[in-house]
Amino acid sequence: MAKPTKDLMKFLKSNPPGKQFVPFCFISKEADALTVFFEGDPEYSKRLNDHVTLFLSLDTDEIVGCRIKGITDILQDLPNYIHVEHNGTPLSLVFWSFRGGAQDRKTRDAMNLLAREAQERQLKLEPIGAGG
Amino acid sequence: MGRWFISFLTRNPDDLDGQWEVGIDERLYKLYQNQGREVNLARIVLVDEVLSDPIALIQGWSRPDKEDCFVYVGRPREDYRSFTIQTAAPPGKLFLVFILPSGSIDLWTWRNSSADDPDMPEDVKGTLIWPSQLKT
């Protein structure tokens with residue numbers, strides 16, 4: 001089994017993270033995806049449907065984030081339905097857009113929870129291209 | 001600095017006997033760094049491990065317009081929860097590295113293995129291009 005090089009670990013440790021986790025979201029233009037983390041917990045991913053992958057805590061299975069695919073189309077369409085603020089679109093609106101078409105309770109519950117977390121943390125989307 | 005903040009050589013999907021350079025963009029690294037997502041940074045060690053020794057290479061991300069993206073699959077024995085906390089790998093899970101056509105590493109995460117095949121991840125519906133003898 002391959003082992004990480006000492007140089008890689010040394011490099012990572014020389015570029016350490018901030019001391020405290022801060023919830024965030026970002027858009028990858030190339031991947032056409034929105035990534036959200038509400039918590040700093042170690043996670044694993046589970047695909048909810050064609051558009052949404054959940055990040056779940058390895059310890060508790062609670063939702064700690066998500067990834068929304070095809071975000072470009074969603075953001076382009078949003079101004080047709082709501083007033084989009086100039087200082088960023090509330091992230092919760094993205095989840096609301098999925099809530100309406102949710103066919104099953106599992107998806108509805110996940111969307112509601114994601115929207116609530118986004119609202120509580122007042123996360124907003126910056127224009128596409130601002131993220132990594 | 002080169003094209004990537006951190007770069008790796010791994011099996012080339014277009015020339016399975018050759019290698020290509022992939023990497024993590026500086027903006028993505030700095031984002032995780034600034035927001036304090038230490039686990040994502042520490043697990044770059046697992047990215048290195050999986051790209052060095054993948055058990056599968058899948059083409060396609062199970063959605064339209066992403067057929068030219070790749071998923072490298074591996075089974076590390078350990079997980080890194082931070083730079084200082086190592087644990088055994090979560091049971092029944094594989095580590096996935098999602099790579100864009102440009103070679104940019106977009107995401108790395110654990111995923112349950114498939115109930116049908118423990119060497120393949122759950123809900124990744126792309127085409128297995130390596131090793132070719134496992135599936136068609």
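Of the 132 residues in chain A, buried residues make up 48%; buried here means under 20% relative accessible area, exposed means over 50%, and partly exposed lies in between (1.4 Å probe, protein chains only). The model is predicted: local features need pLDDT of at least 70, side-chain atom pairs count only at pLDDT 80 or more, and totals for chains, interfaces and linings use all residues. Residues are numbered from 1 along each chain as its sequence is written, chains are lettered from A and ligands numbered from 1 in the order in which they are written, and side-chain values use heavy atoms, with hydrogens and water left out.

Chain A contains 4 helices and 7 strands, where helices (H or I, at least four residues) and strands (E, at least two) are DSSP runs numbered from the N terminus. Along the sequence, these elements follow the pattern α-β-β-β-β-β-α-β-α-α-β. The C-alpha atoms of A:Gly65 and A:Leu8 are separated by 27 Å, the two residues being 57 residues apart along the chain. A:Ala31, by contrast, is placed in a loop, the one between strand 1 (24-28) and strand 2 (33-37) of chain A. A:Ala31 also counts as buried, at 0% relative accessibility. Between A:Ala31 and A:Ile71, the C-alpha to C-alpha distance is 9.3 Å, and the two are 40 residues apart in sequence.

Strand 4 of chain B is mostly covered, as 5 of its 5 residues are buried. The cover extends to both faces of strand 4: B:Phe70, B:Tyr72 and B:Gly74 lie on one side, B:Val71 and B:Val73 on the other, and all are buried. Strand 4 of chain B pairs with strand 3 of chain B in the antiparallel sense over 4 bridges; two strands are said to pair if DSSP finds at least two bridges between them. Within this pairing, B:Val71 in strand 4 is the bridge partner of B:Ile58. Strand 4 also pairs with strand 7 (residues 93-99) of chain B, again in the antiparallel sense, over 5 bridges. There, B:Val97 in strand 7 stands opposite B:Tyr72.

Helix 3 (residues 44-52) of chain B is likewise mostly covered, with 8 of its 9 residues buried. The buried residues of helix 3 are B:Ile44, B:Val45, B:Leu46, B:Val47, B:Asp48, B:Glu49, B:Val50 and B:Leu51. In general, an α-helix has 3.6 residues a turn, so residues three or four places apart point the same way.

Over all chains, a search of the whole structure finds 12 salt bridges, a salt bridge being a side-chain nitrogen of Lys or Arg within 4 Å of a carboxyl oxygen of Asp or Glu. One of them joins the side chains of A:Glu43 and B:Arg37 at 2.8 Å, N to O. This pair crosses between chains, from A:Glu43 in strand 3 (residues 43-47) of chain A to B:Arg37 in the loop between helix 1 (26-35) and helix 2 (38-42) of chain B. A:Glu43 is buried, with a relative accessible area of 1%, and B:Arg37 is buried too, at 0%. A:Glu43 also forms a salt bridge with B:Arg43, the closest N and O atoms being 3.1 Å apart. That pair likewise crosses between chains, B:Arg43 being in the loop between helix 2 and helix 3 of chain B and A:Glu43 in strand 3 of chain A. B:Arg43 counts as buried at 1% relative accessibility. A network of salt bridges links A:Glu43, B:Arg37, B:Arg43 and B:Asp79.

Within chain A, a salt bridge is formed by A:Glu117 and A:Arg121, with the closest N and O atoms 2.3 Å apart. A:Glu117 is buried, at a relative accessible area of 18%, whereas A:Arg121 is partly exposed, at 25%.

On the surface, A:Asp73, A:Asp77, B:Asp65, B:Glu67 and B:Asp68 gather in a patch of negative charge. Patches are made of residues with over 30% relative accessible area and no salt bridge, like charges being joined within 9 Å and nonpolar side chains (Val, Leu, Ile, Met, Phe, Trp, Tyr) within 5 Å.

Notes: Accessible areas come from the Shrake-Rupley method with a 1.4 Å probe; for residues, only the protein chains shown count as cover. Lys and Arg count as positive and Asp and Glu as negative; His and the chain ends are not counted. The place of a charge is taken as NZ of Lys, CZ of Arg, CG of Asp or CD of Glu.
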